[in-house]
Each structure stands twice: as C-alpha cells, then as structure tokens.
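Subject: Structure handover

Hello,

Please find the structure for your work below. My notes on it come after.

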Amino acid sequence: MSSGRYSGFRLLREAMAGHQGWRRAWHPAEAKPHYRIAIIGGGGHGLASAYHLAKTYGIRDIAVLEQGAIGQGNLGRNTTIVRSNYFTAPNIRFYDAALQGWERFEQELNFNAMVSQRGTLNLIHTEGQRDLFARRANAMALEGVDAEYVDPAGVKALVPLVELTNARYPVLGGFLQRRGGTVRHDAVGWAYARAASDLGVDIVEHTGVIGITPGHPITLSTTAGPVTAERVLLAVAGHSSTLAAMAGFRLPIETYALQAFVTESVKPVLDLVVTYGGGHFYASQSDKGGIVFGGATDGHNSYAQRGSWPQVEETMTAGLTLMPALSRLKVLRQWAGVMDMSMDGSPIVSDTPVPHLYLSTGWCYGGFKAIPAGGLVAAHLVATGTPHPLAEHFRLGRFRAGAQIDERGAGPYPWAH
Ligand SMILES: Cc1cc2nc3c(=O)[nH]c(=O)nc-3n(C[C@H](O)[C@H](O)[C@H](O)COP(=O)(O)OP(=O)(O)OC[C@H]3O[C@@H](n4cnc5c(N)ncnc54)[C@H](O)[C@@H]3O)c2cc1C
C-alpha cells in the first residue's frame, strides 16, 4: 500500500485527526528466491539506482538487500554537502547533473529533504591555490556552471567567524559556488526508499550478502538464505573490495574511515559551507544550530565506523586556526563512516570481470552529492548493459589502461587526492 502523497494540506488534515492516518513510508519486505535485479547495499546509491531502474527504465522486479537498516551506512553519516565545483569537464558535467537533480529532488520525490543552496566557499591560502581555483572556475564557466572569486573582504563579509590573518595560513580569497549547499541526508534515503517501494521494489533490510556465486543467474548467499538474480549491482561503499573478493576479483579500492563532528546548538553564525584549504577542515551550520564539521580520512585502512584520535586532533587544530571562536563550543558527537577510496579519487560505475555483475563504487568522501546522477547512471548501466553518456569515464578498465582521471591536477597518484 502506498504511503500517499505528502503535502501541507495532508499535514493539516492529519494534525486535525490526531496523526492516525500516516502509513509506513516503505513496506518492510522479505527476500524472495529470485529477482530480475538485486542491488546489494541500501545506501544512497543503491536506493537511487533502484528508484531509477523502476521509474526511468520500467523494471519493477528488484530487491535492495541491505545488511542493516536504511541510512546506517555513509548515507546517514556524511556532512550533507552538495556542490559541482570540479575540474575536469566530464566530472563537472556529471556532478552538475547531480546538483540539478538536487534542485528537482523534493518535487520529484515528494519529500522534504531540506535542500538548502546556501553556497559553498573554498578558501584560498597560497598563490598556487589561487591559480588552481582560477583554472577550476574557468573550466566550470566553460561548462556553464556557476563559480566566482571572492576577495578577502568578501570572505569576511560572508563568514565573519573566519580569522583572515590566522598564523597558519592567512586567507587570500575564496572560490564560491552559490548553487552548492546542503541536503538532509537521512531524508534522501527515506525519500528514495519510499519512492522505490511505491514502484514495487522490495526494500529488504537486515539481510546481508555473505557470498556471491557467478553464473546466470548470479546466486547470492544472504543471511536470510539464497537469492538469485539475472543482474546484480554492488553499491556497498567501503565494503566494495570485500564483496568483489566474494565474486572472485580485485578492485583498485582502499577503505578508510572518515570522521565528522557536531557541536552544541547556537544561534545562526555560519550561513554557508566553508572549506579551509590550508588544513583539512570544513564546516556548516545545521538547521538545528550545531556546527557540523569534518576533515581528512584517517591515515590507515580500517572498516571500523569510529575513527582515530590523531585525526580528531588534526581536524580540531585546523578548525580552531581558521575560526578561533569555535573554541567556545562543546562538541556533542563524533562518528565515522568507511570510505571506498578509488586510486584516482573518481567513482567507478562499471561492468566487471563477472558477467551481469555491475559496480557503483569509488565515491570516496564525496559520494553523497553525486546520488541523483549516480543512481541514474548505475540504473542505465544495469538496465541496458552500456554506460550512460554522463559516466563513460567511470569505467573500471581505466585503471588497467592507465587512463586515470586527473581531477586534482595532481597526476595519477592516489596519495595526492
Ligand atoms: C563523515 C563523512 C562525511 C561525508 N561528507 C560528505 C559530504 O559532505 N558530501 C558528500 O558528497 N559526501 C560525503 N561523504 C561521502 C558519502 O557519504 C559517501 O560517498 C556515500 O554516501 C557513499 O554511497 P552510499 O550512500 O551508497 O553508501 P552507504 O550509505 O555506506 O551504503 C552502502 C550500504 O551497503 C551496505 N552493505 C555493506 N556490505 C553489505 C553486505 N555484505 N550486504 C548487504 N549490504 C551491505 C551498508 O550497510 C550500507 O548501508 C561523507 C562520508 C562520511 C563518512
């Protein structure tokens, strides 16, 4: 049964009737023995792929197999930032398609995801960085995507908390994308799960995949018994290499923990997303008033969703250098997610050495913003067997061919992204 259309009128009607008429946003399903398509991983990419397979490609016989509950992976752990300020033309096109997807998201999915295009500001601290951001802004302008340079006075006007002359890396200016911003991450998962479920997709929670046997159909051993499927999509973020190993192949993916933090709530003091280019630190203020912030990945491989102390210290130091006033706030919570870091920092949406097994991975620490386009291109690949025009450059084979994507202008070195 559908959860019905959400609207201001419905909210009013339910309020008058004691909120007795709401139905579950999606149906809890149990895995059937066979599906046309099985998607492993109920994160943002798995759910968006299921939605697009059902909506755009008309395939309804689909299961999303999620080992936990929806939203407990990186989808519900990220810092909610969306933007399309990339450097290489194919990446600008892909990520701007995603940003346009966020601009339509709430109308299309009939769900309030608190899409807030408050702007994202990258700070500039060296002449080299200014040069790089100017090149990036020009590359974006050539693709018709907004980007603008802000001088130090403009930075101070936008973010009064920033200490322009901080001793570590004084601020020389900023690189602003006004269409960037934040989107409430759990709402994104709930919206896609609800829409996919309404279209007939089985959202199967608490069912982990523990084995993959290639063949046609592919057999998945799950914690709820075997499931076979004509085609399978792996969308398991930091667990991609372990699931690929189950299917018998290796991936150019390493798993690292990425941490984030939130402070106690304060009145509005930070009304855009700001990124410190001199150290690993970025922050925004949530609608509840907490300052949400994070930094770089931990320095060693890990599957633990908690993170390590040295990175806590590194992130705090960078944040307090940039915005010393933050020292007055108490940190309420800290958490981490496990990142699927690809060797060139760009995603992999591709077929694999195993026939009928497809991948959506390598989203690194920036995969949340990609979800509306990532779901579309993965659905296209699984439905048609050919890459979507927006994602031809995301093929797995680029690593074998030495054709890595040089997004950071830093060459094909994993440590440099
Ligand atoms: C602290 C932090 C901050 C971040 N900030 C941002 C940001 O501001 N902007 C941005 O764009 N990106 C950000 N990211 C990155 C972003 O969250 C990820 O790139 C993106 O969410 C990954 O895609 P996903 O949502 O599908 O992953 P997930 O939500 O992790 O989905 C993968 C799912 O697969 C499931 N799974 C794993 N193994 C199995 C199995 N064997 N069987 C069944 N299910 C399985 C997991 O339980 C999980 O739910 C951040 C990440 C973290 C951790």
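The notes go from the whole chain to the domains, the ligand shell and one set of strands.

The model is predicted: local features need pLDDT of at least 70, side-chain atom pairs count only at pLDDT 80 or more, and totals for chains, interfaces and linings use all residues. Residues are numbered from 1 along each chain as its sequence is written.

Whole chain

The protein chain has 10 helices and 18 strands, where helices (H or I, at least four residues) and strands (E, at least two) are DSSP runs numbered from the N terminus. Its radius of gyration is 21 Å, close to the 22 Å that the globule rule gives for 417 residues, so the chain is as compact as a globular protein of that length. The radius is taken over C-alpha atoms, and the rule is 2.2 Å times the number of residues to the power 0.38. Along the principal axes, the C-alpha atoms fill a box of roughly 65 × 65 × 40 Å. Of the 417 residues, 48% count as buried, that is, with 20 or more other C-beta atoms, placed from the backbone, within 10 Å of their own.

Domains

The chain is divided into domain 1 (25–77 + 185–252 + 344–416) and domain 2 (120–178 + 254–341); the bounds come from an automatic or database domain assignment. The C-alpha centres of the two domains lie 29 Å apart. Their contact takes 13 residues from domain 1 and 12 residues from domain 2, a contact being two C-beta atoms, placed from the backbone, within 7 Å.

Ligand shell

There are 38 residues around the ligand, of which Gly41, Gly43, Gly73, Gly337 and Gly367 come nearest; a residue is near if its C-beta atom, placed from the backbone, lies within 6 Å. Domain 1 and domain 2 each give at least three residues to this shell. At least two residues come from each of α2 (44–55) and β12 (253–265). By class the shell has 14 nonpolar, 21 polar and 3 charged residues, with Ala, Val, Leu, Ile, Met, Phe, Trp, Tyr, Cys and Pro as nonpolar, Asp, Glu, Lys and Arg as charged, and the others, Gly among them, as polar.

Strands

β12 runs antiparallel to strand β15 (residues 290–301), joined by 6 bridges; strands pair if DSSP finds at least two bridges between them. Alanine 260 has glycine 294 in β15 as its bridge partner. Tyrosine 282 also stands opposite glycine 294. Strand β14 (residues 281–285) pairs with β15 in the antiparallel sense over 4 bridges. β14 and β15 form a hairpin with 4 residues between them, and glycine 289 in the turn has a positive phi of about 110 degrees.

Regards

Conventions. A residue is buried if 20 or more other C-beta atoms lie within 10 Å of its own, exposed if 12 or fewer, and partly exposed in between; C-beta atoms are placed from the backbone.
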